Amino acid sequence: MEEMILEKEKIDWGRAPADTPVCIEKEVYLRDIVQTILDGFETPEEVMEELSLTAEDAGSEEIPAILDIFVPVINAWKSGSCGMGCAGCTGSCH
C-alpha cells in the first residue's frame, strides 16, 4: 500500500480573504494578524505574543510571510504614500 503524503497548500496571503484561517486551533485569521499590524505590532515575535501563538502552533510558520506582505503596505498607507490599492501602484510592496 502506497503512503499518501499531503502537502500544505501554499496560500497567496496578498490575495487571501480576511477570513482565511492562519491557526485554526486558536481561531486566528488573516484579519487578526492585519489588525495587530494596524495596532503597531510588526515583528513575528510581537504578533505571536499579542495573539497568544507559539512556534508549535500550526500556522505560526506563516506569520513572517504575512508580515512581509502587509507591514510595508500598512506603513505606506499610514504615512500617506500609498494610493489606497494595488491597481496602478508604482510602489514596491511586492
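Guide: Start with one term. Buried means under 20% relative accessible area, exposed means over 50%, and partly exposed is in between (1.4 Å probe, protein chains only).

Visitor: Okay. Is E50 buried, exposed or partly exposed?
Guide: E50 counts as partly exposed, because its relative accessibility is 43%.

Visitor: Which helix is E50 in?
Guide: E50 is in helix α2, residues 44-50. Helices (H or I, at least four residues) and strands (E, at least two) are DSSP runs, numbered from the N terminus.

Visitor: Which residues gather in the patch of negative charge?
Guide: D39, E42, E45, E46, E49 and E50 gather there, on the surface. Patches are made of residues with over 30% relative accessible area and no salt bridge; like charges are joined within 9 Å, and nonpolar side chains (Val, Leu, Ile, Met, Phe, Trp, Tyr) within 5 Å. A salt bridge is a side-chain nitrogen of Lys or Arg within 4 Å of a carboxyl oxygen of Asp or Glu. Asp and Glu count as negative, Lys and Arg as positive; His and the chain ends are not counted. The place of a charge is NZ of Lys, CZ of Arg, CG of Asp or CD of Glu. Accessible areas come from the Shrake-Rupley method with a 1.4 Å probe, and for residues only the protein chains shown count as cover.

Visitor: What are the ground rules here?
Guide: This is a predicted model: local features need pLDDT of at least 70, side-chain atom pairs count only at pLDDT 80 or more, and totals for chains, interfaces and linings use all residues. Residues are numbered from 1 along each chain as its sequence is written, and side-chain values use heavy atoms, with hydrogens and water left out.

Visitor: New topic. How many helices and strands are there?
Guide: Three helices and two strands. From the N terminus, the order is β-β-α-α-α.

Visitor: And how much of the protein is buried?
Guide: Buried residues make up 29% of the 94 residues. The accessible surface is about 6,900 Å², and 54% of that belongs to carbon and sulfur atoms.

Visitor: What about G59, buried or exposed?
Guide: G59 is buried, because its relative accessible area is 1%. G59 lies in the loop between α2 and α3 (63-79).
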